[in-house]
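Let's take a quick walk through this one, starting with a sheet and ending with a helix. Have the model open alongside as you read.

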Amino acid sequence: MSRRTVVMAVVAAAVAAGGGAAVTALTGGSAGPSSGATAQGSAERGTTDQGSAGARATNQDSAGTGATAARAVPATAKITRSDLVDTKRVGGTLGYQGRRVQPNHARGTVTRTRAEGTVVRRGGWLYEVDRRPVVLMYGTIPVYRSLRPGSGGADVEQLERNLAALGYPPGTVDGDFTWRTAKAVREWQDDNGLTETGSVDSAQVIVASGPLRVARATALKGDPAGASVVTTTGTRRTVHIDLQASYQQFARVGAKVTVELPDGRTVKGRISSVGATATAAAGQDGADGQATIGVETTLTGKPGRLDQAPVTVDLRTERHANVLSVPVEALLALREGGYGVRIVDGATTRVVPVRTGLYAVSRVEVSGTGLAEGMKVEVPAI
């Protein structure tokens, strides 16, 4: 039997089995218009040749037979034009600004404390020792001495300003502790259950720049009043981030952030401060961990009342405006280097080399000849 007779016998068997693609592979020619699979295989081989620069094979030969499998309908996504924003996702702690363990100078037994979450404003009490309140006043100078008639200075002026705001006129607010100032102090002491001495010291007053929120009582009713009785915060919501020092380029004062709350909601915010000194954290095995810097963000949304809750923060790092982008998984690695995408146009496909730009979460900026908004690119089927 001649070689031609053997080949024709194999071809006949392949045609009988519906293997049009196998005919093409064996004969080196076309299987004829009667085989749609062969026509499709030819088109796809042409695509593969065009994308040989490339990327991903359009068809794979069946194991050991030389037959080309029919190409499945590809999954696609559109090339879109928009602004791309790169982000860095980090962990943070939702709380309140200015957390501080307040020093206590009153001696005796704690007789009253505030509930956690209570906001105290000027003239309000933070806690009581021996039934005498420790009162909040506004300012920047702590009470570091006893203020009495004859005293003078910026701290006296601060006291007089508070007395006037609370409705106890001290005379001229000028930093001189006069008999009028002493009279206003005695009236204030009388109304607050304090001994009417006409002088003020740190056992009676805690100074802060504004309202304080009680974060927790560090002493209970009946405890001796020690170094501290209460921990406070400010009233502004904030997220604290211990950011790895190697990521400090992602933290810029004024930059916008998005915070994902424990319940899945998101709120917006801005970075309000970035620490200048890195702190090395101790690793679990006793070795030094990665150094971090403290980053504070203030929130513009409504995050609820949770305190010290873990959250996720997206830091915006870079923005490219009005650019074309595709899903990252649409990129094909080309043999000669670089990347391409496979454009899908009806039943035909072609590989187009691209230049990549900004990567933003699941998309990547692309540019190159032959790309346009609305075109479809092939992506791996999920």
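This is a predicted model: local features need pLDDT of at least 70, side-chain atom pairs count only at pLDDT 80 or more; totals for chains, interfaces and linings use all residues.

## The sheet

Strand E10, residues 228–233, pairs with E3 in the antiparallel sense, and three bridges hold that pairing in the list.

## Helix H5 and its two faces

Now over to helix H5, which runs through residues 179–191. Its 13 residues reach 19 Å from the first C-alpha to the last, close to the 18 Å expected at 1.5 Å a residue.

Which residues of H5 are buried? They are Thr181, Ala182, Ala184, Val185, Trp188 and Gln189. These residues sit on the same side of H5 because they cover an arc of only 160° around the axis. On the face turned away from that buried side, H5 carries the exposed residues Trp179 and Asp191.

## What H5 packs against

So much for the faces; what do the buried residues of H5 pack against? Their partners are strand E7 (132–138), helix H4 (154–165) and strand E8 (205–208).

Just after H5 comes a backbone detail to look at: Gly193 takes a positive phi of about 75°.

Definitions and conventions. Residues are numbered from 1 along each chain as its sequence is written. Side-chain values use heavy atoms; hydrogens and water are left out. Two strands pair if DSSP finds at least two bridges between them. Helices (H or I, at least four residues) and strands (E, at least two) are DSSP runs, numbered from the N terminus. The expected span of a helix is 1.5 Å times one less than its number of residues. Buried means under 20% relative accessible area, exposed over 50%, partly exposed in between (1.4 Å probe, protein chains only). The arc is that of the directions from the helix axis to the C-beta atoms. Contact means heavy atoms within 4.5 Å.
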